[in-house]
Amino acid sequence: MGLGHVFFTAANAVLPILLLILLGYGLKKAGWVSGNFTKTGNKLVFNIFLPAMLFINVYDIDGIASIQWDVVLFVVAVICLLFVLAIFIAVVTTKVPERRGVLMQCVYRSNFAIIGMPLAAALGGDEAMAITAVISAFSIPLYNLFSVIALTMFLKDEHGKQRDFKAVFRGIVTNPLILSVAAGFVLLGIRQVQADLFGEVIFSLKRDLKFLYTALSNLKSIASPLALVVMGAQFEFSAVKGMFKEIAAGTLSRLVIAPVVGIGLAILLSTRTGLLSCGPSEYPALVALYGSPMAVSAAVMAGQMRNDQQLATQLVVWTSVFSILTVFLTVCIMMPAGLLAS
């Protein structure tokens, strides 16, 4: 795989995102969409389309037996580590409560579903894609769980008091994204129990209720494009000056600190201690997980949970732009070392 191919692989993974954001921005400038469109669009994405996407992603896992647990546990541990680091970065960077949770999301939450998966497939083929799918079933629910906490912990309630644990917990258990993931795992577990008890799957949503599975899959396909167009319609270039410090800190954290921590620890544990089994099939998934730009759904959640959605939109855009370069550099460093297939 030549350097030019690596660069275009990164560009082809990211540019579709930017083009849809530009479409939304252009539609707003042309007067084709209004504030009501973006408000309604955000609600639809958050309450219907993204939950459908997360449910299908979890349900489509081949089975619990196919899970590479050492890699999964490592991924979960690093996301937890980045979440703790995110608290420190957010508190040091900004004093605005509505921006701290958004900045935290940028540190630990990548665009794994939209950019990460095709990027991993391009770097490692079908084997890397299979590992990526399993990792996504655990990382994406954890992203959403931490996002509810991050977007709640710095805000005050309607009485001006800091939110307590009960309020945060209530936000978690009623969040439609988390509920959809839980539903996916329940049905995945039921499918696994059937296979263990009877040697075959007697009932499957995909086979026996195909109409429902197809409908949910269609909703899934709408989620990302609509979220990106709505995001573009909310984007303002003039807003950069007022939040430059937060944008710079978030972009640096997402594209430099997170990959160094995640991929660096994976290399250390694999080559020095043997506690982690990573090779050319696993590293592409980790590059995609830790090196991708900020997740689109993070901006949607920020808006729906009374945080600074303009900052979230800015972070999605700028991390997407610069990720073309940082992913290219990451691959250029890892490939000669034999960590990625050439």
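The legends below describe close-up views of a predicted model.

Residues are numbered from 1 along each chain as its sequence is written. In this predicted model, local features need pLDDT of at least 70 and side-chain atom pairs count only at pLDDT 80 or more, totals for chains, interfaces and linings use all residues, and side-chain values use heavy atoms, with hydrogens and water left out.

**View 1. The ring pair of Tyr59 and Tyr213.**
Rings of Phe, Tyr and Trp (its six-membered ring) are paired if their centres lie within 6.5 Å; planes under 30 degrees apart count as stacked, over 60 as edge-to-face and the rest as tilted. The count by this rule is 8 aromatic pairs. In one of them, the ring centres of Tyr59 and Tyr213 are 6.3 Å apart with the planes at 55°, so the pair is tilted. Tyr59 belongs to helix H2 (residues 35-59) and Tyr213 to helix H9 (residues 210-234), and the pair links parts of the chain 154 residues apart. Helices (H or I, at least four residues) and strands (E, at least two) are DSSP runs, numbered from the N terminus. Tyr59 is buried at a relative accessible area of 3%, and Tyr213 is also buried, at 11%. Here buried means under 20% relative accessible area, exposed over 50%, and partly exposed in between (1.4 Å probe, protein chains only). Arg191 lies over the face of Tyr59, 4.8 Å from the ring centre; for such a placement, NZ of Lys or CZ of Arg must be within 6 Å of the ring centre and within 35 degrees of the ring normal.

**View 2. Tyr108, Tyr143 and their aromatic cluster.**
The rings of Tyr108 and Tyr143 have centres 6.3 Å apart and planes at 45°, so this pair is tilted. Tyr108 is in helix H4 (residues 97-108) and Tyr143 in helix H5 (residues 112-153), so the pair ties together parts 35 residues apart in sequence. Both tyrosines, Tyr108 and Tyr143, are buried. Together with Phe83 and Phe146, Tyr108 and Tyr143 form one aromatic cluster.

**View 3. Ser110 in the loop between H4 and H5.**
Ser110 is buried, with a relative accessible area of 2%. Its side chain makes a polar contact of 3.2 Å with the side chain of Tyr143. A polar atom of the Ser110 side chain also lies 2.6 Å from the backbone oxygen of Leu289. A polar contact is a pair of N or O atoms within 3.5 Å; within protein, one must be able to donate a hydrogen and the other to accept it, and residues adjacent in sequence count only if both atoms are side-chain atoms. Beyond its neighbours within four places in sequence, the contacts of Ser110 (heavy atoms within 4.5 Å) include Arg254, Ala288, Ser292 and Met294.

**View 4. The largest cavity.**
The structure holds 2 cavities of 30 Å³ or more. On a 1 Å grid over the protein atoms alone, a cavity is a set of points where a 1.4 Å probe fits but cannot get out, and a pocket is an open set with protein on both sides within 12 Å along at least five of seven lines; lining residues have an atom within 4 Å of a point. Grid points are joined across faces, edges and corners, and a volume is the space filled by probe spheres set on the points. The largest cavity holds about 160 Å³ of space. Its lining has 18 residues, of which Met53, Arg109, Ala113, Ala295 and Ser297 are the closest to its centre. H5 gives the most to this lining of the largest cavity, with 6 residues.

**View 5. The largest pocket.**
The volume of the largest pocket is about 390 Å³. Among its 20 lining residues, Met117, Met129, Ala133, Val134 and Ser136 are the closest to its centre. H5 gives the most to the lining of the largest pocket, with 9 residues.
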